[in-house]
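Hello,

Here is the structure I promised to pass on. Please open it first, then read my notes below.

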Amino acid sequence: MREGGSPFVLRVLGVYRGDVPGQPQASVGLVMEFMENGSLASLLEHRGGPPPWPLAFRLAHQIALGMNFLHCHSPPLLHLDLKPSNVLLDSSLNAQITDFGLSKRAHSVSRGAHEEAGGTITYMPPEALTSLSYSPT
């Protein structure tokens, strides 16, 4: 993420290390842009259904551009947990992908990098559920 940015991937501005009131020990956290409109999941819940078609199309396009940005790295960065709660919305309802806790750099199969699939099961691709030897590509 230090190599550059995309307007569709949430930027990390810094790292916080220090005391947090009510916590028994020092905490470490990431400092990121403030996203005024919460997540795509909260927007869908608040609306009780899908957003209007123009907004849905724009959000899908922005998410695709963010994923393309991640996949164009060398080696590609695989998010592995893309879901509505990991897409945040700014004051203009522009999408930014976040939560890279499960992300991995893609390695070629010829180098023998086989790792267990991770992520939220309801958002995993079907092939990840049917094969014990699934490796994201």
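**What I found**

The protein chain has an accessible surface of about 9,100 Å², and 58% of that surface belongs to carbon and sulfur atoms. Please keep in mind that this is a predicted model.

Start with the overall layout. The protein chain contains three helices and six strands. The protein chain has 137 residues, and 28% of them are buried. I also looked at contacts between residues at least 6 apart in sequence. Of these, 55% link residues at least 24 apart.

Next, the inside. The largest nonpolar core has 13 residues. Leu40, Leu43, Leu59, Ile63 and Ala95 are the members that touch the most others in this core. Four elements each supply at least two of its residues: α1 (40-47), α2 (53-71), β4 (87-89) and β5 (95-97). Helix α2 gives the largest share, five residues.

Ala95 is worth a click. Leaving out residues up to four places away in sequence, Ala95 touches Pro7, Phe8, Leu59, Gln62, Ile63, Val87, Leu88 and Leu89.

Now look at the loop between β4 and β5, where Leu93 sits. Leu93 is not a glycine, yet its phi is positive, near 60°. Most residues other than glycine have a negative phi. Is Leu93 buried, partly exposed or exposed? Its relative accessible area is 24%, so Leu93 counts as partly exposed.

Helix α2 also holds Leu65. Its relative accessibility is 33%, so Leu65 is partly exposed as well. Leu65 and Ile97 are 32 residues apart along the chain, and their C-alpha atoms are separated by 9.9 Å.

Which residues make the nonpolar surface patch of about 450 Å²? They are Val12, Val15, Val28, Leu30 and Met32. Strands β1 (12-18) and β2 (27-32) are the elements that give two or more residues to this patch. The largest share, three residues, comes from β2. Val28 is in strand β2. The relative accessible area of Val28 is 54%, and the cut-off for exposed is over 50%, so Val28 counts as exposed.

Best wishes

Terms used. Residues are numbered from 1 along each chain as its sequence is written. This is a predicted model: local features need pLDDT of at least 70, side-chain atom pairs count only at pLDDT 80 or more; totals for chains, interfaces and linings use all residues. Side-chain values use heavy atoms; hydrogens and water are left out. A nonpolar core is a set of buried Ala, Val, Leu, Ile, Met, Phe, Trp, Tyr and Cys residues joined through side-chain atoms within 4.5 Å. Buried means under 20% relative accessible area, exposed over 50%, partly exposed in between (1.4 Å probe, protein chains only). Contact means heavy atoms within 4.5 Å. Accessible areas come from the Shrake-Rupley method with a 1.4 Å probe; for residues, only the protein chains shown count as cover. Patches are made of residues with over 30% relative accessible area and no salt bridge: like charges are joined within 9 Å, nonpolar side chains (Val, Leu, Ile, Met, Phe, Trp, Tyr) within 5 Å. A salt bridge is a side-chain nitrogen of Lys or Arg within 4 Å of a carboxyl oxygen of Asp or Glu.
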